[in-house]
Amino acid sequence: MSEQSFPDDARPEYADALPEYAERVLDVTELIPPGRVMTYGDIAEYLGEGGPRQVGRVMSLYGGGVPWWRVVRADGALLAGQELEALDRYREEGTPLKEASRAAEGHLPRLDLKRARWDGGERAQDHT
């Protein structure tokens with residue numbers, strides 16, 4: 001049984017503590033500069049552990065307090081259910097976008113990952 005499935009009054013004391021891996025994922029998320037993005041896989045690679053699914057799970061459970069819109073899918077598609085909020089934030093920050101074709105569902109743009117992707121810059125070498 002996972003921590004997430006305990007009723008509030010039956011959760012163990014440690015359940016409120018953020019798992020170490022989640023802390024590291026959220027720390028990297030906070031390093032991403034405005035107007036830039038990293039994919040779920042980029043963050044896993046940056047940390048040298050986990051994978052895109054693990055990063056996605058962390059963001060799903062704990063990512064509300066960090067710039068979640070800067071962690072994206074590898075295909076540049078906007079996060080389902082959060083498209084409009086993310087799009088507003090991308091436009092505010094000047095994140096490079098590719099305009100959608102008329103055939104695209106909902107005519108929503110995608111992220112231009114070639115221009116928007118951040119590799120961690122010099123800070124990546126300082127991160128341990």
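**Exercise 1.** What percentage of the 128 residues of the protein count as buried?

*Solution.* The model is a predicted one. In it, 36% of the 128 residues count as buried. The protein has six helices and four strands, arranged from the N terminus as α-β-α-α-β-α-β-β-α-α.

**Exercise 2.** Determine what span helix H1 should have, and compare it with the distance between its end C-alpha atoms.

*Solution.* Helix H1 covers residues 20–31, which is 12 residues. The expected span is 1.5 Å times one less than the number of residues.

**Exercise 3.** Which residues of H1 are buried, and what covers them?

*Solution.* The buried residues are Tyr21, Ala22, Val25, Leu26, Val28 and Thr29. Their arc around the axis is only 155 degrees, so they lie on the same side of H1. An α-helix has 3.6 residues a turn, so residues three or four places apart point the same way. The cover over the buried residues of H1 includes strands S1 (38–39) and S2 (71–72), together with helices H2 (40–47) and H3 (52–62).

**Exercise 4.** Describe how H1 and H2 cross.

*Solution.* First, the two axes come within 10 Å and cross at roughly 110 degrees. Angles of 65 to 115 degrees count as roughly perpendicular; H1 and H2 are therefore roughly perpendicular to each other. The crossing of H1 past H2 is right-handed. On H1, the contact involves Tyr21, Arg24, Val25, Val28, Thr29 and Leu31. On H2, Ile43, Ala44, Tyr46 and Leu47 take part in the contact.

Notes: Residues numbered from 1 in each chain as written. Predicted model: local features only at pLDDT ≥ 70, side-chain atom pairs only at ≥ 80, totals over all residues. Heavy atoms only, no water. Helix = DSSP H or I, 4+ residues; strand = E, 2+ residues; numbered from the N terminus. Buried < 20%, exposed > 50% of the residue type's maximum accessible area, 1.4 Å probe, protein only. Arc of directions from axis to C-beta. Contact = heavy atoms within 4.5 Å. Axes fitted to C-alpha atoms, helices over the stretch in contact; angles between N-to-C directions. Parallel < 35°, antiparallel > 145°, perpendicular 65-115°, else oblique. Left-handed = near helix turned anticlockwise from the far one by under 90°.
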